[in-house]
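Work through the exercises below with the sequence and the coordinates open. Each task is followed by a solution in steps.

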Amino acid sequence: MTGTNDPTNDEMLVETDVSDGLSAAESSVTDDAETVIESKDINVWYGDDHALTDISMEIPENSVTAMIGPSGCGKSTFLRCINRMNDLIDVARVEGDLTLRGKNVYDDDVDPVALRRRVGMVFQKPNPFPKSIYDNVVYGLKIQGIDGDYDQIVEDSLKRAALWDEVKDRLHESGLDLSGGQQQRLCIARAIATDPEVLLMDEPASALDPVATSQIEDLVEELAEDYTVVIVTHNMQQAARISDKTAVFLTGGELVEFDDTQKIFENPESQRVEDYITGKFG
Amino acid sequence: MATEQDSSYAQGFGQVSRTAGLVFRYLLLAATMFGIVTLAVLLVYVANDAIQPLTADAGWHLTFFLTLVLPTILVGGALYRRNREALKLGGMVVGALLVSLLFSGGVAIVFVDIIPPLTGFSYAVGLAVAVAGTVLLTKYETQIPFTARVAATGLLFFLSLFGVPGYFHSIPELVQQAPVVPTDWIILTLVLGGLTALVVGQYIARVREDTKAGVAAGASALVLTALGAIVGPFVGIDANALVVVTAVSFVPTAAYAGGSVITREELKPGLVFAATVIVGALVGAVAVDALGFAGPQAWTDWQFLTSSHSGSAENAGLYPAIGGSILLMVTVAALSFPLGVGAAVYLEEYAPDNRFTRFIDVNISNLAGVPSVVYGLLGLGVFVTYLGQATGTVLIGGATLALLILPIVIISSREAIRSVPNDMRQASYGMGATRWQTVRNVVLPEAFPGILTGTILALGRAIGETAPLIMIGAPNVVFNLPTELSSKVSAMPLQVYAWSSLFASEDFYTKAVPAGVVVLLAVLLAMNSIAIVLRNKYESET
Amino acid sequence: MSTDDLEADLTRNTENAPRELLTRSFFFLCAALSVVTTISIVGLLITEASKFFSLTAPLMGVAGETANLVDFLTGTTWQIHSKEFGVMALISATLMVTIGSAIIALPLGVATAIYLSEYASPQARSILKPALEILAGVPTVVYGFFALIYITPALRVVFPNIGTFNMLSASIVVGIMIIPMVASISEDAMSAVPDELRQAGYGMGATKFDVSTGIVVPAALSGIFSSFILALSRAIGETMAVTVAAGAQAKFLNPLNPASYLEGALPMTAAMVQLLTGDITGGGLAYRSLFAIGLVLFVITLIMNIISDFVARRYREVY
């Protein structure tokens, strides 16, 4: 692997990071893992702007799939196709098939609200509601009409988001009083409280400091035991460290390569991907 | 493009001397001040006519100067140098006291004179039962289908408030026919005092972060209100009035002062300032009474506020018009707030970007420019001629004014809704919330202070409107308070207009009209200051 | 979870669940109410006004007295008792108030806007802007009273033969009332002028005076123009101040003759109030003339609002 991923990119601070990451996230996905999300020839337009071109990929169950690429390459757009957040933008138009366990989510009869209840999302900038920590976590339960022992669910979710110990004594204080990293973990707790099948993460650590970032990364790896995680990142070592599969998007909204993370970082098929990973452009 | 033009400007640049620039600057300032100064002078004139400060004894002025003005200047000056924030709090407390006193006057008119306390109480009980039932229903939110729940809630409210004539008494009827009914002051203490206690308790619990402290504060607020009613008659003050003033003015002001000091210890000196002003005013009042100094021969006096129109300017009063304005405002607020906010929510959160939406958009901004007298014609034509309503009632007056301010409410509510960060909506939709859930749980709570500010300012516009009321045939002279939505209504500006046109005489010009103008402006000032305080608080929080 | 469950779950259509349907319809109806209001205003004014004219009254099935449309639009005498409905008498008075208030409000408003946008410190702005808002917040009937009781006597010192009711004092208070409107919209337009333009001027050694008058005002011209039209439209529709101060006697005056400002006349809005305060029976000729004036007033203000909106949109596109 030496040579191919010579760290010239600013983001690649330490060379060993990449290889360490790979060994830690040693592919737990076997070839027979069930496909949760499958996209076929997805195209997205924002007005006249063709944002994504013919994206096809299969995302396996209980794994972390990373999407990397330079900014503006459409990786976040694709993520937002999965739970149809693009529907909220008037000028966005999506064509193609995207199936969740075999059901095309772009069928006319699919309700995007119901879809989003199965596909949770964590955003780039931490966005807790201006409510208490407790109310933030139970928000999804309340709006989805899920009954249960809310206190217990709050505790479990916050524990899974590795936030419980820091906030257990102040559950009724505002979520906005937390630090940036804590806010983002609160958003993760909020997303997993309703137990979705898929968790989408749109550069969840990009607004955070290094310590908070590594906490989020650890968390993502743990979450992959129970959830199918799709994470967008512009940080290549992060993708290498935590993901099982990696999709590389390059300018023009093309998916250039999609494969096991190890393969992408050690021996990519495409020259463009190799150039991108080694920092020759992007 | 810019460079070519600029170089041609440059030819003339050097010739203008510094003095010319300075003159220009002061000319601009003078132009800016022209309107403000003119209005200020006019206000001084009208206030002088209405209050006539020069008719008071010199001793009266001297006493108040010594007890009120001098201490205020001394304490205020000292605080201004050392602790400006505290001075601000002190000013706010005094302001809150004044505004809430004015407000309690309005509440007293509505809940003592317009709605007899027993009637109000019986409906309050009916409402409380219905609300309790509704809350109980929401506990089973997930088990009962939504439509059934809405129907059940509607039925619950209808049955408890109206009953089924002949079969089943409504709760207000039952309460009114009860063998033992509480006296008026007990009712007022329970309803108004109870509400205040609830609010104060919650406020204190929040700032102290201690539920027990909240309960204690609420309980002592209630006790204080009751105590006022018991002690009041012994010192010659009407029990009902004292209950209203305590519950609406004294207790909330005290809670505000206390709460601010609890959250920010360093503001304590501000209370000294507030105390100086309040105690100074009281001491001054007692002193001039004891020393026998006569106060000014003000036309804006208690008699003016509490009596109705009369042929002689000395005896004329504004009371029915004040009551009319209050009822009109309640009607306008009840109609324009939900409709305006609803339209704003539709346009910001639901509307697709199509021709119809753009048409509504342009339409609203044009409606905001339609002269008020045309809205009056609309009220006259639609409500009176086509719908056959009686002329000049509270209901059609309120409906006409509501239509008039609706565009303003919509435009300001849209601005408030637009200022809610998109992150919040994304988070909510990302959790699988529907539009309504997002609107109710995220958008409206965040936008609420802004919406409220805009609505209060719009109500301020409505309270000063006269032309639409004349158009719908509101009578020039009303001798009684309107008591129902179908009563004939007058309003403060309408009364002022009647005095200055139909009863035009030197006497009315110099006595009744200035007095009415001062009351009207005081009410407007109070409403606008509430809106501005709300806006500043809201802006500093976000 | 089996596929069937998933299918059922994903296609449950929350968009049209009763709660969503109910709330969405409510919000839509609220928004549609504004359209209903406009249609009602237009419909009402047209139907009632057409009952007034001999030309259209038969179409509306109205028998009885009617007025001639041409006489209405060109006549210069407004006398209800002698059934003379010449709206020009009213329009001339409205025009006088508009011209008079424009002479006061337009220069002062623009000067205020320049001061606020180019000269005032943030602290001064934070005091001056709310103070200006107060000018627009005082009820118009109060302004009318001020004009009648305080301003007219003051003017009598300068013009001894000024009438008790006169167009001058009415114009002054209406002018003061609309200053904030000119100032705030013009100031918005001036603040929207990009700083680079100012920098370019200063870079050439221009003084603040040169930049304000030579660069900022020309660049913001369309915004200033739009504020003028909007403010004048407000002056035309202004009712109570002119009702109280301008007079009750309809008279055709020459708006361009300064001397006529010392006399009283009856603007359109004041005439409407007068018709209503007088004893008029529903459906009579006087009652219907009310709607004819209302229609004229509405059309004038609507056209002005639309022009202002159009101009404002244009300047927003520039930057």
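**Exercise 1. Chain A against chain C**

How many residues does the contact take from chain A, and how many from chain C?

Solution. The model is a predicted one. Step 1: count both sides; nine residues come from chain A and ten residues from chain C. Step 2: find the element of chain A that gives the most to this side, which is helix H3 (residues 112–118), with three residues. Step 3: sort the chain A side by class, which gives four nonpolar, one polar and four charged residues.

**Exercise 2. Chain C against chain B**

State how many residues each chain puts into the contact between chain C and chain B, and describe the chain C side.

Solution. Step 1: chain C provides 77 residues and chain B provides 74 residues. Step 2: on the side of chain C, the largest share belongs to helix H2 (residues 18–50) of chain C, with 19 residues. Step 3: by class, this side of chain C holds 49 nonpolar, 21 polar and seven charged residues.

**Exercise 3. Domains of chain C**

**Exercise 4. Nonpolar cores**

Which residues have the most contacts inside the largest nonpolar core?

Solution. Step 1: the largest nonpolar core has 309 residues, and the residues with the most contacts inside it are Leu90(C), Val173(C), Val182(C) and Ala241(C). Step 2: helix H4 (residues 87–119) of chain C gives the most to this core, 18 residues. Step 3: take Val173(C) as a case; leaving out residues up to four places away in sequence, Val173(C) touches Tyr143(C), Gly144(C), Phe146(C), Ala147(C), Ile151(C), Ala241(C) and Ala245(C). Step 4: another core lies apart from the largest one and has 14 residues, including Ala86(B), Leu87(B), Leu89(B) and Ala96(B).

**Exercise 5. A hairpin in chain A**

In which sense do strand S1 (residues 35–46) and strand S2 (residues 49–60) of chain A pair, parallel or antiparallel?

Solution. Step 1: S1(A) and S2(A) pair in the antiparallel sense, over eight bridges. Step 2: locate a facing pair; Val44(A) stands opposite Leu52(A) in S2(A). Step 3: look at the turn; the two strands form a hairpin with two residues between them, and Gly47(A) in the turn has a positive phi of about 65°.

**Exercise 6. Helix H4 of chain A**

How many residues of helix H4 (residues 133–144) of chain A are buried, and what covers them?

Solution. Step 1: nine of the twelve residues of H4(A) are buried, and the helix is mostly covered. Step 2: among the buried residues are Ile133(A), Tyr139(A), Leu141(A) and Gln144(A). Step 3: the cover includes H3, helix H5 (150–160), helix H6 (164–167) and helix H7 (180–193) of chain A, together with helix H18 (435–463) of chain B. Step 4: Gly145(A) follows H4(A) and has a positive phi, near 65°.

**Exercise 7. Annotated regions**

What share of helix and strand is found over residues 37–277 of chain A and over residues 322–531 of chain B?

Solution. Step 1: UniProt, in an unreviewed entry, lists residues 37–277 of chain A as "domain: ABC transporter". Over these residues chain A is 37% helix and 27% strand, and the end C-alpha atoms are 26 Å apart. Step 2: for residues 322–531 of chain B, UniProt gives "domain: ABC transmembrane type-1", also from an unreviewed entry. Over these residues chain B is 77% helix and 0% strand, with the end C-alpha atoms 21 Å apart.

Technical notes:
Residues are numbered from 1 along each chain as its sequence is written. Chains are lettered from A and ligands numbered from 1 in the order in which they are written. This is a predicted model: local features need pLDDT of at least 70, side-chain atom pairs count only at pLDDT 80 or more; totals for chains, interfaces and linings use all residues. Two residues are in contact if their C-beta atoms, placed from the backbone, lie within 7 Å. Helices (H or I, at least four residues) and strands (E, at least two) are DSSP runs, numbered from the N terminus. Ala, Val, Leu, Ile, Met, Phe, Trp, Tyr, Cys and Pro count as nonpolar, Asp, Glu, Lys and Arg as charged, and the others, Gly among them, as polar. UniProt positions are given in the numbering used here, feature names are shortened, and annotations may be inferred rather than shown by experiment. A nonpolar core is a set of buried Ala, Val, Leu, Ile, Met, Phe, Trp, Tyr and Cys residues joined through C-beta atoms within 7 Å. A residue is buried if 20 or more other C-beta atoms lie within 10 Å of its own, exposed if 12 or fewer, and partly exposed in between; C-beta atoms are placed from the backbone. Two strands pair if DSSP finds at least two bridges between them.
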